[in-house]
Amino acid sequence: MEVDIQEVLAAINTLYDSQLQDRQKHDQASKWLFQLQRTVQAWKVADQLLHAKRDVNSCFFAAQTLRTKIQLCFGELPVEAHSSLRASMLEHLGHITEHTYQGIATQLCVALADLALHMASWDDPIGDLIAQFGNQSSSGNLVPLLEVLIAMPEELHSRQLRLGLNRRKHLEEYFRVKVISIIELLDVAVSTEGATKESTHLKALRCLASWFNIHTEDWGMLTSTCLVNDILTVVRNPQVAPRLHEIATDCVCSAMIMLEAERIPTLAEVLFAGVLQLGDAYHMAVALEDINAITNYARIFSELGETLVEVMVEQPGQGMGSLQVLHLLVTCIGHHDWEVAEITFNFWYKLSEVLYRKNCDSVNEQFKPYVERLIEALYRHCQIEPDHDSILVQQDDFYEFRERVQELIKDVVFICGSRLCFLQMTQVVSSPDVAKNWNLMEAALFIMQSVAKNLIPEEDEVVPPILEGVLNQPDTVHLQVAFTSVQLLGELNEWVACHPAFLPHVLQFLTKRLHNKHLATVAAKALDAICQSCRDHIETHFDALLEVVSSLDGLSVSNEAVVGLLKGVAFILGRLPPQRIKTDMRRLCTPQINNLRKLIELLLSLTHHSASPTTAGSHHLTPTTTTTTTTTTTTTTLPPHPPLCRASQCSTNENNSCVCSVDFAHVTSRMQWPQCNGITSFSPRHTQPALNYLSEGTDRQTEAVQDENVPFEKNTAGDPVVWLDRLATVFRNVNPNVQNGEQHPCQEVVMENGEQHPCQEVVMEMWPTLSQTFQKYSSDLRVMEHCCRCLRFAVRCVHQQSAPLLSPLVEQIVSLYATHGHSCFLYLGSILVDEYASEPGCVGGLLAMLEAFTQPTFILLTQPNGFRDHPDTVDDWFRLCARFLQRAPVPFLQCGAVNTILECGLQACMLDHKEANSAVLKFFQDLVEAGRKQEDQPDFETRRTLVDTIFNTHGEALVANLVTAAVFILPQYMHHDVAETFFQIMQYDRPKFCLWLETKLKVLPTKNSGGVDAVSRVELVEFHKTVTQAERTKEITRALVDFSRFFS
C-alpha cells in the first residue's frame, strides 16, 4: 500500500504546529505517524522525506524513523536491500555540515552506525567512511564522520539492536584492529582543523573518549601522537571553554578506565604523571571559583584513585601505589561545596572493599589518617546552615547527601575503628565553640549516629557522657538537634540493652518527644528499636508504654509513629505470660476496632441521609477518634455480618486445636462449571451464571452502602487503612510461644472458642467490623489490600485456632472477588490454604473456593494483554495454586480446573514481570516436587501418576516456552527461576527433559535480524550438553545467561 507523502507532511505539520488549539487533531496526527513508523512503508517514506528537504520537522521525523527502523525492525528488510539502504544513507550524510540541525545530524549518524553494526556484508565500514569523508578525501567532511565514529562503540552493546554474541564478538575484534586508524585520523584532525576550529576539536576528543571503550594494547601508540599532550594541556588550563574542559576530562577518565583492563605502562606513566600534576590547576580553579572546572578535577582524581586502588593497597607508597592521589582526594573533600566532595565517594567505597578483602591491620594503619581526615571533612559538610529553623525534609538534596554520608561512613569506619570515630566526634562536641552553635553540635551527633550500631555494646567510657548530655538536653534545644538526638538513641538500642540503668531515662526522654509532632515519628521508631533490644528489661515499664499508646490519638502524632510504637509494644507483649497477653492485647486492639466501627456506622448514617428525598449534597468523612461511643442523632445498626463457626461444627485435631470441618461446597453448589479443556474454552456466556450467583450472594443490606462513594483523606482518622494497619501491626508482632496442646493466648481476641468466654465482646467487635469493612469499601483496592493484610496476620497469629472465621471469610472473599477482581483476595485465600489445607475436613471447602476464584481469574487473564496488564493477579493466583500443591496436592491435581490452570501457566511463564513470573515458576517447581518427594507417604503413587500424566501432556510445551522466555523475553536477572525449574524437571525425569530441550533447540531461529548466523550447531549442542549434565542450578543459570547473549 502506497503512502501519500503529502498526507505525511500534513500530519507532521499538525504534530509540530505550536499554534494548533485543537488537541484532538494533534493526538490524531501523533497516533497516525506512530502507526506509520511501524509499517514496512516507513522505510521508503523516510528516504523520500530526506531527499525532499521540505523543512526541519519533516527531516527530523524522517531521520528519527530511519534510526528506529534500523534499531528495532532491521529484519523487515531483505538482505539484498541492505546495499541500497547504505548508499542512500551515505548520500544523506554527505549533506550534513556544521550548520545542520543537530537533532537531524545525530539521528542520521546513529542510524548509519547501527546499519554498519547490523550489516555483515559491509566488510570495512570504518575504512570506507574514512576514505569517503576523511581529510585525504576530495569530499572530506569530518562533521558526519566523527559523529558516526562516536556512535559506533556506544551502540555496540545496545540491547535494542539484538546483534547477538557472535556478531558482537566479531565487531569487537574488528574495532580493536581499527584503533590505529582512529588514532591516526584523530591525530591529524586535532593538529590541523581542530587547532583552529573548536567544534572539530570537541568532536575529535569526544570520539577519542568513546573509542577508549575498545580495550587493546594498541592504545600505547597514543604516546607518539599529539593527543595525550593535547588532552592534558586542556585539562591543565581551567580557563579554557567549559565544554572543551569537560570533554577533555571525559577523555582522561575513559582512558584510565581502559588502563584498568589493559596494562599499557608507557601510556599509564605519561597519563598518571600528568594527572598527579593537576594539583596547582585545581587550586587555580578554586581561586577562580569555577565550580565546573573544580568538578572536573574531582572526577579525574577520583577516577585515578579507582584505577590505582588495588596497587595502592598491595604496594602502598611504592611506584604506581603512591599515596599522592589520596592527598588530592582529601583536598577535594575539603572543598566547601558538598557536591564536590560527593564526587569522590565511589573511590572511598572501592578503597573500603579492597581493604576489607585484604583484611590486614598493618595496611589499614597506613590508610587510617586519610579516613580520619575524610570523616572530619564529612562532619563539616554535614553542618546545616545556622539560620535553618526546622527539620530537614526528605525531598531536600542536602538531606539525601547526608544519607549518603552515613552510608559511606558505615562502609569505611572499620579502617579507623568505630570507637575512635565516636571519640573523635566526642572531642568535637566538648569544644566550647560547638556548644554555642547548634548546627555544629547536630553535625557531630549525626556522625555519631552513623557509627553507633558498630560500637561494642559493653563499651562504657565513650558513650555514657554523650548519652547523659543528650538525656539532659533542655526543651528549648533546636528542633534538628532534638531530632538527631532521638535518632542516636534509637541506634544505641543494643548498647542500652547492655546498660539497663539508662533504660528508664531513655524511655522517659523518647515518650516525651512523642508529644512533639515533628519528633513523634522518629521517637516512635526509636522506641520500637529499644523495645526490640531491651525486651528482657522492659517488662516493668510495659504498663507505662500501654498508657502512652492509648494517649497517642489525642496528640499530633502521625500514623507512622503510632504503628512504629505499636510494633515495639506488641513485640514485648508476646513475651509476657499468657493471661497477661489476653488482657493487654484486648487493650491494644479495642481502640482500633472501635474507630473502624465508627467509620462504618457514620458511613451508613450518611448513606441513609443521602437516600432520603430531602437530603442533598455530598458528605465528607470526619469522624472523631476517641475510644468512647460517638453520640449521633440517628441510631444506626450495623448490617448482619457472616456468622462465626458454631462450637458444634468444630472438631479438634491431635493437638486439641479447633479445626473447622464445615463443608464449603455450598459456596459453589449452585454453579455449573464448564469442562476446562484450555484457556480458550472460556467465554462470557460460560462465566455469567457463576458471576450472577456470586452477585446474588452479596448481603442485600450492604448493597447500597458499598456503591456509595464517600470521600476521605488518606492517612487521617477517616481513612480505614489507618486502623487496619494498626491492627495488622499488633497481630504481626505478638508472637507468643505456644506449646503443643496449649490454647493460643491470642485466640480469644480473634474468635469465640466454644460457648461464652470473657473475650466475647472483643471478638464480636473484630470480625463483624472487618467483614463490614470488606463490604463497605469493596470497590477501593487500597482498603481491600490492607484489610486482607490485617486478616492475614490475624490468621497467622493464631494459626488453626482461627478456624471459626474460615467459612464466613471464604464466602465473603469469593463473592467480592467475583464482583471486583482484587487480587488481594487470592492472596488471602493462599494464606487460608497454607494454614488449613493440611486438615482433611477443610480441603473440600478450600477447593470450592479455588473453583469459585477460577472463572473470574481466567476471564481477566484471557483478555487482550491480560497477563501483562494484571501481573498482581498472576502472582497471587499462582501463589494460591502453589499452596495447594504444597498442602493438598492430590485433591488439587484431581480438580477439574487443573488443566486450564496449567494452560494458563504455560503462557504466564513468559511474562517479563519479576514477581509474577517467579510465582508461576514456583508453581511448576512445586508441581514437580509433588511427584518426586515424600516417597514414604501413602499418597505418593497417586501423586506420581497424576504428575506423570500432566508432564506427558504439557512437559514439552513448558520446556519450549521457558527456553523462548529465557532467550528472547526475560532479563538475565530472572534466569535463575527458569534454571531452577529446569533443574527440578531433570530431577524428575532427565531423559524426557533432554528430549524436550533438544526438540526446542532444533526449531530456534539461528540468524539475527541482519541475516547473520546468531548461533552455530556446535554452540547449540554445547548448550544442550551443559544444561542436561548440570548438577547445580547455578550451572544452568550461567548457561542460560550465556546462551541468551547469542540472541541479544
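Which residues does Val522 touch, not counting residues up to four places away in sequence? In this predicted model, Val522 is in contact with Phe483, Val486 and Gln487 once residues up to four places away in sequence are set aside. Val522 belongs to helix H29 and, at 10% relative accessibility, is classed as buried. Glu560 stands 38 residues from Val522 in sequence, and the two C-alpha atoms are 9.2 Å apart in space.

The overall composition of the chain gives the setting for these contacts. The protein chain contains 50 helices and two strands. Of its 1048 residues, 56% are buried. When contacts between residues at least 6 apart in sequence are considered, 74% of them join residues at least 24 apart.

The largest nonpolar core comprises 355 residues, and the members that touch the most others are Trp219, Trp348 and Phe774. The surroundings of Trp219 illustrate this part of the structure. With neighbours within four places in sequence left aside, Trp219 is in contact with Val179, Ile183, Leu208, Trp211, Phe212, Ile214, Met258, Ile264 and Leu267.

The largest pocket has a volume of about 770 Å³. Its lining consists of 30 residues, of which Gln394, Tyr399, Phe483, Gln487 and Val522 are the closest to the centre of the pocket. At least two lining residues are supplied by each of helix H21 (397-416), helix H24 (438-451), helix H26 (479-491) and helix H29 (520-533). The greatest contribution to the lining comes from H26, with seven residues. By residue type, the lining of the largest pocket is made up of ten nonpolar, twelve polar and eight charged residues.

Five cavities of 30 Å³ or more were counted. The second largest cavity has a volume of about 40 Å³. Its lining is formed by Ala452, Lys453, Leu455, Ile456, Pro457, Glu491, Leu492, Asn493, Glu494 and Trp495. Helix H27 (residues 493-498) provides the largest share of this lining, three residues. Six of the residues lining the second largest cavity are nonpolar, one is polar and three are charged.

No disulfides are found in a search of the whole structure. For Cys531, the nearest cysteine sulfur is that of Cys534, 8.0 Å away, and Cys531 is in no disulfide. A disulfide requires two cysteine sulfur atoms within 2.5 Å. Cys531 is buried, with a relative accessible area of 0%. Cys904 likewise takes part in no disulfide, the nearest cysteine sulfur being that of Cys881 at 8.3 Å. Cys904 is also buried, and its relative accessible area is 1%.

Arg86 and Leu112 are separated by 26 residues in sequence, whereas their C-alpha atoms are 7.6 Å apart in space. Not counting residues up to four places away in sequence, Arg86 touches Leu115, Met119 and Trp122. Thr249, in turn, is located in helix H13 (residues 242-261). Thr249 is buried, with a relative accessible area of 0%. With residues up to four places away in sequence not counted, Thr249 touches Val235, Asn296, Arg299 and Ile300.

Backbone geometry was considered at two loop positions. Arg162 has a positive phi of about 50° although this residue is not a glycine. Arg162 is situated in the loop between helix H8 (142-156) and helix H9 (165-191), and its relative accessibility of 32% makes it partly exposed. Asn715, which is not a glycine either, has a positive phi of about 60°. The loop that holds Asn715 runs between helix H34 (700-706) and helix H35 (720-733). Asn715 is exposed, with a relative accessible area of 56%.

Conventions. Residues are numbered from 1 along each chain as its sequence is written. This is a predicted model: local features need pLDDT of at least 70, side-chain atom pairs count only at pLDDT 80 or more; totals for chains, interfaces and linings use all residues. Side-chain values use heavy atoms; hydrogens and water are left out. Buried means under 20% relative accessible area, exposed over 50%, partly exposed in between (1.4 Å probe, protein chains only). On a 1 Å grid over the protein atoms alone, a cavity is a set of points where a 1.4 Å probe fits but cannot get out, and a pocket is an open set with protein on both sides within 12 Å along at least five of seven lines; lining residues have an atom within 4 Å of a point. Grid points are joined across faces, edges and corners, and a volume is the space filled by probe spheres set on the points. Helices (H or I, at least four residues) and strands (E, at least two) are DSSP runs, numbered from the N terminus. Ala, Val, Leu, Ile, Met, Phe, Trp, Tyr, Cys and Pro count as nonpolar, Asp, Glu, Lys and Arg as charged, and the others, Gly among them, as polar. A nonpolar core is a set of buried Ala, Val, Leu, Ile, Met, Phe, Trp, Tyr and Cys residues joined through side-chain atoms within 4.5 Å. Contact means heavy atoms within 4.5 Å.
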